[in-house]
Amino acid sequence: MTETARGFEIPPVPRNAIGPRVPARGYLVEEITGGVHWVTDGGYQCAFVVHDHGVVAVDAPPSLGGLVTRAIRDVTDKPITHVVYTHYHGDHIGSVNQFPDDAVRVAQQETHSMLCEHSDPLRRLPDVTFKDSYRLEVGGQVIDLHYKGSNHAPGNSFVHLPRQRILMLVDVIYPGWVPFTNIAQSKNIPGFMAHHDHALSFDFDTMITGHLTRLGTREDIEIQREYMHDVRDAARHALEITPLKRELARDTVGLDHIYVYFKTMYEAAAAEASKPLLEKWSGRLAGVETLGVNHTLTMYHSLRLDENAEPQVVFFPPTETV
Ligand SMILES: [Zn+2]
């Protein structure tokens, strides 16, 4: 633990969670192989593919802003012909308006629906949409898009480059780190869980994950899958001990303020049930000390609501015998 000036302890970051150094100009651009490049500022990632007569860009996070175009121009002066949206979230495609108007935008149809709902001039609607899969074959490159159902967000799709054996899936896998808060802000936790296996079903060696410090591997997915199953076990245990925590909450904060009562009960159950999770993963995946309990609590509510796994608990026991 590192003690900061304010006395707050910062857990160590394992070596496996540290990526390449980002140059002082604010971005790193590297060719992975066969014309496929990744661009990162050390926290966000996007990609582009150079083909015979142009460039296909995949996402453009506002954190990188115009640096995405600059990174492309470091590599080639060919025109940007296509833009692929992995999903509708502003933090990944909020800067796509830096690309030329005549570049063809491609996205899954749920992404189109979500963008229609939000009507944001910075995120132009896609010109081409697909339901399950779409092959973009251009200038000697093949880019396959696949949708396997809702996960982190509706429409969040795989971008697979079969020739280069590269897979891109954003906001699901966090190489070297545990997923972001509320299990990566997922709209669909069971779908998020299933995407570990969906990802491993593709033929690839290298993964672009949209976040954090480095590229990913198949092993990163296997490790995160194991972590997520441990989170699920912790959440199941938290459900089991909820009746005990109900007694604790009733005795300490009472029933009058219902939100305080439930918050006390849920947080006490999650904190106790997360202890083995934190012990096992501390030092293996960065961030478990910070977000492990939050993940257990998020999974707890998914088990309650998505899977009806809550034991029968009387939250408000009658005060008098009928
Ligand atoms: Zn997202």
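**Rings, strands and helices**

Trainee: Is Phe-130 buried or exposed, and what is its relative accessible area?

Mentor: Buried means under 20% relative accessible area, exposed over 50% and partly exposed in between, with a 1.4 Å probe and protein chains only. Phe-130 is therefore buried, and its relative accessible area is 4%.

Trainee: At which pLDDT do side-chain atom pairs count?

Mentor: Residues are numbered from 1 along each chain as its sequence is written, and side-chain values use heavy atoms, with hydrogens and water left out. This is a predicted model, in which totals for chains, interfaces and linings use all residues and local features need pLDDT of at least 70, whereas side-chain atom pairs count only at pLDDT 80 or more.

Trainee: How many aromatic pairs does a search of the whole structure find, and what is the angle between the planes of Phe-130 and Tyr-134?

Mentor: Rings of Phe, Tyr and Trp (its six-membered ring) pair if their centres lie within 6.5 Å, and planes under 30 degrees apart count as stacked, over 60 as edge-to-face and the rest as tilted. The search finds six aromatic pairs. One of them joins Phe-130 and Tyr-134, a stacked pair with 6.4 Å centre to centre and planes at 25°.

Trainee: Which kind of pair do Tyr-261 and Phe-262 form, and which residues are linked with them into a cluster?

Mentor: The ring centres of Tyr-261 and Phe-262 are 5.2 Å apart and the planes stand at 70°, so this pair is edge-to-face. Both Tyr-261 and Phe-262 are buried. Ring pairs link Tyr-261 and Phe-262 into a cluster with Tyr-266 and Tyr-300.

Trainee: Which residue in S11 stands opposite Leu-136?

Mentor: S10 and strand S11 (residues 141-146) run antiparallel and are joined by six bridges. Within S11, the residue opposite Leu-136 is Ile-143.

Trainee: Where does Asp-59 lie, and what is its phi?

Mentor: Asp-59 lies in the loop between strand S6 (54-58) and helix H1 (67-75), and counts as buried at 0% relative accessibility. Most residues other than glycine have a negative phi. Asp-59 is not a glycine, yet its phi is positive, at about 65°.

Trainee: At what angle do the axes of H5 and H9 cross, and which residues of H9 make the contact?

Mentor: Axes are lines fitted to C-alpha atoms, for helices over the stretch in contact, with angles from 0 to 180 degrees between N-to-C directions; under 35 degrees counts as roughly parallel, over 145 as roughly antiparallel, 65 to 115 as roughly perpendicular and the rest as oblique. The axes of helix H5 (residues 189-200) and helix H9 (residues 288-305) come within 10 Å and cross at roughly 110°. The two helices are therefore roughly perpendicular to each other. Contact means heavy atoms within 4.5 Å, and it is made by Ile-189, Pro-190 and Met-193 of H5 and, in H9, by Thr-298, Met-299 and Ser-302.

Technical notes. Helix = DSSP H or I, 4+ residues; strand = E, 2+ residues; numbered from the N terminus. Pairing = 2+ DSSP bridges.
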